[in-house]
Amino acid sequence: MFRAAALALAASLAAAAPAQVWRSNQGDGTYRNPVLFADYPDPDIIRVGEDFYFVSTTFANAPGVTILHSKDLVNWRIASHVVDRLDGDPRYDLKDGGDYRRGFYAASLRRHNGMFYLAVTPVGHRTRIYRSAKIEGPWTYSELDREAFDPALFIDADGTAYLGTSIGSDGTVTLLTLNDDLTAVTAAKVAYYNKGAEGSKIVRHDGWYYLFNAIPGKLAMTVSRSRSLWGPWETKASIDDRTGGHQGAIVDMPDGSWYGFVMVDAGAIGRMTNISPIFWKDGWPWWGTPDRPDHVPERSPKPIAGYPFAEPPSSDDFSSRKLGLQWQWNHNPDDGKWSLKERPGFLRLHATQADGIWTARNTLTQKAQGPKMRAVTKLDTTGIRPGDICGLGSFGKYSAQLSVVGGAKGARSLRMMLTESTTGGPRTEVRVPSTSIAGRMLWLRTDMDFDAKVGRVAYSLDNREWTEVGGSFPLAFDWRTGTFQGQQVALSCYNPAPAGGYLDVDSFTLMPLPQGVRP
């Protein structure tokens, strides 16, 4: 009887849980690419025993430098963020106008002598080597004496540690030799020239050194090999964004086989990671299968069988004492302006002072998911005060906001705005200045269709009848503007005046966009 009740409870919980936006694990022993339909750029993946760890870029978001964990390269969970807060530049606190295009770029992860080491370079600063005995942290770092762009950490068979670095505009691959505890550079030597190369990864296999490089100008990848780290190297073209991706490398499996991981530019969703079988021919790694070499398969048998579906969390009822690992702030947060404790079971966002979404601190974001998604949040607007602008929307190249605006004598209305990041700064269009609303509870919704490249926002007073506001808005990724990331989902609360109220967020639910919903 107890077992029957437990099964019934499990079934009811499963029925109540929101459907998944994307499933790479097909449930029949195969997977489809991408393994995560979201913006996890600049991948570096290593294996430690039976565990795989995947580090990804986060730019100015905090906490930063995300590490995911998997047992099979297909089903991933977030293990940790290496950086709690960004330091070294007041703009990370959204001072001096802020800066969404710096922060932390590509990182490199390795395991050595019982420690995890991670090399990363905050833009405009010297390279850091983070270290931790556990992947969950805590992480500490030492700073080198120079800035190594997109550093490739490599530990040779004799235990010597190196950093490979190159910038596409130059293409010169330089190897920095590190001391025994990876705290200082002891030598620097040019190892190779590969026109346009950056994003290096170094792997050793069967007496060869393999150097993987992105060629961003062509959205392509090259593979080089040599019997010595110092050359001579020979190079062959590999895959590109038409055949699978342009930045990544390979990782060994417990059974001795190899798989590849590679980043592909995918438009407004950002840069996603594909996983591919690797086969060897004439001493070279080839992506895909012998019958279709250097093509990342859209669907393939799982690298390791038997593991169930898993993905990073998304929906949240804010019942925990800590924010879920899926959440990141747009910059370093003002910790006095948000709380999970002031009203247990709710996220409270106090209004920060700002003149618009682009300069507002404590905008809480998570990665949008493709190919088509819907986000719904339930709000209690009791704490809204005159001038507050608080709500839900998108955040990125285009930031659409459907916000509750506080008025005089407790009045509240809805406003829909669209802010575009341009080379001349943010440009905001007020689509709908004011729509009157009544009541304390409110539901807001943001839809994003990455196939059609458009989104919409809507509101409801009962979570049943919905009203769209402001029409459709574009979804886009732009190398020159925006956040240097794919579109994100965002909860925000700010006020142009110094004093404001607060927004209580009861829940956030992410689900697939229902079939038949127009773009």
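The second largest pocket has 20 lining residues, with I46, R110, I202, V203 and D252 nearest its centre. A pocket here is an open set of points on a 1 Å grid over the protein atoms alone, where a 1.4 Å probe fits, with protein on both sides within 12 Å along at least five of seven lines; lining residues have an atom within 4 Å of a point. This is a predicted model: local features need pLDDT of at least 70, side-chain atom pairs count only at pLDDT 80 or more, and totals for chains, interfaces and linings use all residues. Residues are numbered from 1 along each chain as its sequence is written, and side-chain values use heavy atoms, without hydrogens and water.

Strands β2 (44-48), β6 (108-112) and β14 (198-205) are among those that each supply at least two residues of this lining. Strands are DSSP runs of E, at least two residues, numbered from the N terminus.

| Pocket | Volume |
|---|---|
| Largest | About 540 Å³ |

A volume is the space filled by probe spheres set on the grid points, which are joined across faces, edges and corners.

The largest pocket is lined by 22 residues, with P63, H81, D84, L323 and L325 nearest its centre. Strand β5 (residues 76-83) gives the most to that lining, four residues.

Strand β14 also belongs to an open sheet of four strands, ordered β14-β15-β16-β17 with antiparallel pairing. Pairing requires at least two DSSP bridges between two strands. β14 and β17 (234-240) are at the edges, each with a single partner strand, so one side of each has no neighbour in the sheet. Strand β16 (residues 220-226) pairs with β17 over five bridges. R225 has E234 in β17 as its bridge partner.
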